[in-house]
Amino acid sequence: MGKIISDLNPTISPSRTHELAAMKDNTTVKLSVAQIIGLIIKADFISKFGAADVTFAPAGTIAAANVQAALQELDNETQAALSALGLARVGVVKTQVFNASGTYTPDSKLLYAVIECIGAGGGAGGAANNTQTGAWNASGGGGGGAYSRKTVTKATIGASQAVTVGAAGANGAAGNNNGNNGGASSVGTLCVANGGGGGFGAADGGAGGSGPGASTTGAVGDITLQGGNASNGRNGSVSAFFNAGGFGGASPVFGTQTPSGPPGTPGSAGRTPGSGGSGASSYNSAGANAGGAGFAGIVIITEYCYA
């Protein structure tokens, strides 16, 4: 009498050489585990490429290109399924940099992204003609743009997001004219960073106040940092070669301060994303000067994708 399943030893590990009974068209045959696995693999390859593209030894072999393509497709499908469950592995990191406004469309294999926004720097004030003999005036510098950082999933991003890169704050024209605020940078409503404030102009014999660094009021991000304040302009009546106009403020991550020139020189434009322009000065009735413009903002999106 033959054995029944309950009589078999359950402690023996199965192997590819074990045999199982199989039936087709009323005919019973023995199939090894290895043969069953081969049939499953062959069926999967056929489903990918069609029966005419797949042959197995001893009748033939599969071209390496077909094997690689099928394995890649199977891996993509696996990673896509795991991504939906939040379990896929990161295989590729990509970066998109926006120096101008546009549209962000996430990679098809995106798992999550880190968005970084820097608001634009403010423009510095202008300086009126200083008519006092041997004296100078100077305007204030523009404030630095703020920084925001946000981590978001592909589901949160959706199909696309509008990207706004903050416009540089315009400089104050020659004369006692204030500079303009820098614009905010954003990716939809997911991440927002404000722009820096404009510096104040300098009257004849006067000194203009500094533009404030961008605040975090209304900013959006997991991390939000204020922009750097600019410095005030300086006036005086002693011959000097120091920086008269106010320095432009820096953004807190990538920016640098913008230095000004000695008495009697115009301001300088911001040099890095989010930095403010520096203030202007007039000396010894040599004429009015304009302040420096701020530098535009920037948006950087780092994408973490499955391979």
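Lys94 has a relative accessibility of 35% and so counts as partly exposed. Here buried means under 20% relative accessible area, exposed means over 50%, and partly exposed lies in between (1.4 Å probe, protein chains only). The model is predicted: local features need pLDDT of at least 70, side-chain atom pairs count only at pLDDT 80 or more, and totals for chains, interfaces and linings use all residues. Residues are numbered from 1 along each chain as its sequence is written, and side-chain values use heavy atoms, with hydrogens and water left out.

The side chain of Lys94 forms a salt bridge with that of Asp107, at 2.7 Å from N to O. The term requires a side-chain nitrogen of Lys or Arg within 4 Å of a carboxyl oxygen of Asp or Glu. Lys94 sits in strand β3, while Asp107 is in the loop between β4 (102-104) and β5 (110-118), so the pair ties together parts 13 residues apart in sequence. Asp107 counts as buried because its relative accessibility is 18%.

## The second salt bridge

By this rule the count is 2 salt bridges. Asp222 and Lys150 form one of them through their side chains, at 3.4 Å from N to O. This pair links distant parts of the chain, 72 residues apart. Asp222 is in the loop between β10 (191-193) and β11; Lys150 is in strand β7 (residues 147-153). Lys150 is partly exposed, with a relative accessible area of 24%.

## The sheet

An open sheet is formed by 5 strands, in the order β3-β13-β5-β7-β11. Pairing is antiparallel. Strands are DSSP runs (E, at least two residues), numbered from the N terminus. Two strands pair if DSSP finds at least two bridges between them. β3 (92-98) and β11 (223-225) stand at the edges, each with a single partner strand, so one side of each has no neighbour in the sheet. From one strand to the next, the twist averages 15 degrees. The axes are lines fitted to C-alpha atoms, and angles run from 0 to 180 degrees between N-to-C directions.

## Ser237 in a loop

Ser237 lies in the loop between β11 and β12 (281-283). Its relative accessibility is 58%, so Ser237 counts as exposed.

Gly205 is 32 residues from Ser237 along the chain, and their C-alpha atoms are separated by 9.2 Å.

Key
Helix = DSSP H or I, 4+ residues; strand = E, 2+ residues; numbered from the N terminus.
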